Every structure is written in C-alpha cells, then in structure tokens.
Amino acid sequence: MSYNLLKGKRGIIFGALDENSIAWKTAERVHEEGGKFVLTNAPVAIRMGTLKELGEKTGSEIIAADATNLEDLEKLVDQAQEILGGKLDFVLHSIGMSVNVRKGKHYTENNYSFSEKGWDISALSFHKTMQVLYKKEAMNDWGSILALTYMAAQRVFPDYNDMADNKAYLESIARSFGYFFGEKFKVRVNTISQSPTPTTAGSGVKGFDGFLKYAEEMSPLGNASADECADYIISMFSDLTKKVTLQNLFHDGGFSNMGVSYKVMAAFEKGVEK
Ligand SMILES: NC(=O)c1ccc[n+]([C@@H]2O[C@H](COP(=O)([O-])OP(=O)(O)OC[C@H]3O[C@@H](n4cnc5c(N)ncnc54)[C@H](O)[C@@H]3O)[C@@H](O)[C@H]2O)c1
C-alpha cells in the first residue's frame, strides 16, 4: 500500500547489495512512496552484487563510494544533489562489516587491524557521511538521517563479536552529531535497532539460524522482517516523525524488553502453557 508519504523528497540510500538487503527493501518502498534517490555502495559490492537491477526498477542512478573514504563521500553528496536537483531530505546508512567475524576471529582473539577496519566501515563511516553532509549544507530543513543497528550494542550476544562495540559507537555518533544537525538544520538523526534478519551481513554471524529462531520465540510480535523495517524507515523519513531525534528506536517485535517468554520456557520445561 502506498500513501505518497515521500512525494517530492530526495535522498541517498547506502548499502543495498542484493534483494535481501534492508536497504534494497527500503529503496523499493521509498520509490513506491514517491521519493527519489541515488543508490550507493562500495565499488566491489557494485561489481559483485545486483544493484543495477534495483537502479532500473526504481529509476535511480548508482554512484560507487567507499563509505570510509571522504573524497568518495564528497563526490557522492555533490553528484546526488546534481542528479536529484536539490538538497536532500533523507539519508539511510545501512552498512556493516566485521573483518574479525569474516575471518572467524573469536572476540577474545580479535586482530586489531581487522577491528579498526570493521569499526571504520561500520561506525566511523556514519560520522564521515554526516560530516560531509553538514559541511556541504546538503540537507533540507526537517530532513531525516538514519542508521541501522542491533541490540548487541546494549546486551551481550557472544558471536556478534566486535560488531557489538561498533554498534555502540554508531549509536553514540547518532546522538552526538544529531545534536549539531538539529540545532543548525532542524535535521533529525536516529538509529533503528532491527531484529535479526536473514541478509548477507546477518547470516555471516555464527549460529545465526538458531539465534533467529530464539528471537522469534522471545518476541511477542515475532521478529521484524526486512520489509517491515523498510516500512518503519519510510515513517522515519516522512513528515509524520519530525520531532523524533537522538533516539535508538527498537524495531524488534518487543524482544528488547523481554525477560523470558512461555515459548522459550517450554523449550526447557515440560508442561508450561504456550
Ligand atoms: N541482518 C541483520 O540481522 C541485522 C540486524 C540489525 C541491524 N542490521 C544492520 O543493517 C545494516 C544493513 O545490513 P543488511 O543486514 O541489510 O546486510 P547487507 O549485507 O545486505 O548490507 C550491508 C552493506 O554494507 C555495505 N558495505 C560494506 N562495506 C562498505 C563500504 N566500505 N562502503 C560502503 N558500503 C559498504 C555492503 O556492500 C552491503 O551492501 C547493517 O548496518 C547491519 O549491521 C542487520
């Protein structure tokens, strides 16, 4: 269902790799709601992935940018404004990667050059993106900037590894930069803390399938899907959420406030009512 919530709005969507990506689903929904945007990803992801297909489907141009590289980000923000014909109303940072996770390095054995690379990609890139947008005064008043995060920033999920630390840093950047963006440009900055979701980044975490099922059984509303996350992002980009800023918003079917559920108890005890 479309409500034209983003009619006349322009933006940049980072991080669509394939049709499972949260950013991919978001791009489809933004298009349905009348928003125009530029798609971006790291050059290697554009070569390996299927982003071209999404560009054609949504009538969007694709600009390669490594989100850790300031020069790439500057070109991206300039070109996006040229292509879209004005300042931006929304930006989605949907980027995450841990080299320690990829290489199977246990948290207690982290390799620090891997840690630095993962931190730069997953957390600092959000600061870099906002710094470029801020300096170039590229956002319209009452615009909305979002990044995606996970609850391992607050609680222990052992195999989430150094991504937990990266997410804590990312959420802090949203608050700190969000203050300056709010004061100067009336732009809101938030993070959405999403349920575990079967995507390339999500499935890379060890034991992901077991964890996905556990979260499903713990959440009164069940896990939030990538499509549902895209719907939430639309509402956060729309004018209906103008005064929501500096928040970490849980989009997880209630998981983050649960202690235990009947379904999970039943897995350990016989005779507990479901
Ligand atoms: N999947 C989950 O379970 C889950 C849960 C909560 C939060 N998130 C977060 O959602 C976001 C999107 O991930 P996803 O699950 O859609 O997976 P995904 O693998 O589809 O997306 C991750 C994206 O990051 C991009 N990326 C990596 N390095 C980059 C760089 N240097 N420059 C630019 N882009 C780069 C990748 O190319 C990819 O498109 C991430 O921040 C992730 O941590 C995912």
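This is a predicted model: local features need pLDDT of at least 70, side-chain atom pairs count only at pLDDT 80 or more; totals for chains, interfaces and linings use all residues.
Residues are numbered from 1 along each chain as its sequence is written. Local features need pLDDT of at least 70 and side-chain atom pairs count only at pLDDT 80 or more, while totals for chains, interfaces and linings use all residues, and side-chain values use heavy atoms, with hydrogens and water left out.

**View 1. The whole chain and its elements.** The chain holds 11 helices and 7 strands, which are DSSP runs numbered from the N terminus, with helices (H or I) of at least four residues and strands (E) of at least two. The C-alpha trace spans about 65 × 45 × 40 Å along its principal axes. Of the 274 residues, 51% count as buried, where buried means under 20% relative accessible area with a 1.4 Å probe, counting protein chains only.

**View 2. The position of Asp-252 and its charge.** Asp-252 sits in the loop between β7 (248-251) and α11 (262-268). Although Asp-252 is buried, it has no salt bridge, a term that requires a side-chain nitrogen of Lys or Arg within 4 Å of a carboxyl oxygen of Asp or Glu. The nearest side chain of opposite charge belongs to Arg-155, 7.7 Å away.

**View 3. The surroundings of Asp-252.** A polar atom of the Asp-252 side chain lies 3.0 Å from the backbone nitrogen of Gly-254. When neighbours within four places in sequence are left aside, Asp-252 is in contact (heavy atoms within 4.5 Å) with Ser-193, Ser-195, Ser-219 and Gly-222.

Conventions
Buried means under 20% relative accessible area, exposed over 50%, partly exposed in between (1.4 Å probe, protein chains only). Lys and Arg count as positive and Asp and Glu as negative; His and the chain ends are not counted. A polar contact is a pair of N or O atoms within 3.5 Å; within protein, one must be able to donate a hydrogen and the other to accept it, and residues adjacent in sequence count only if both atoms are side-chain atoms.
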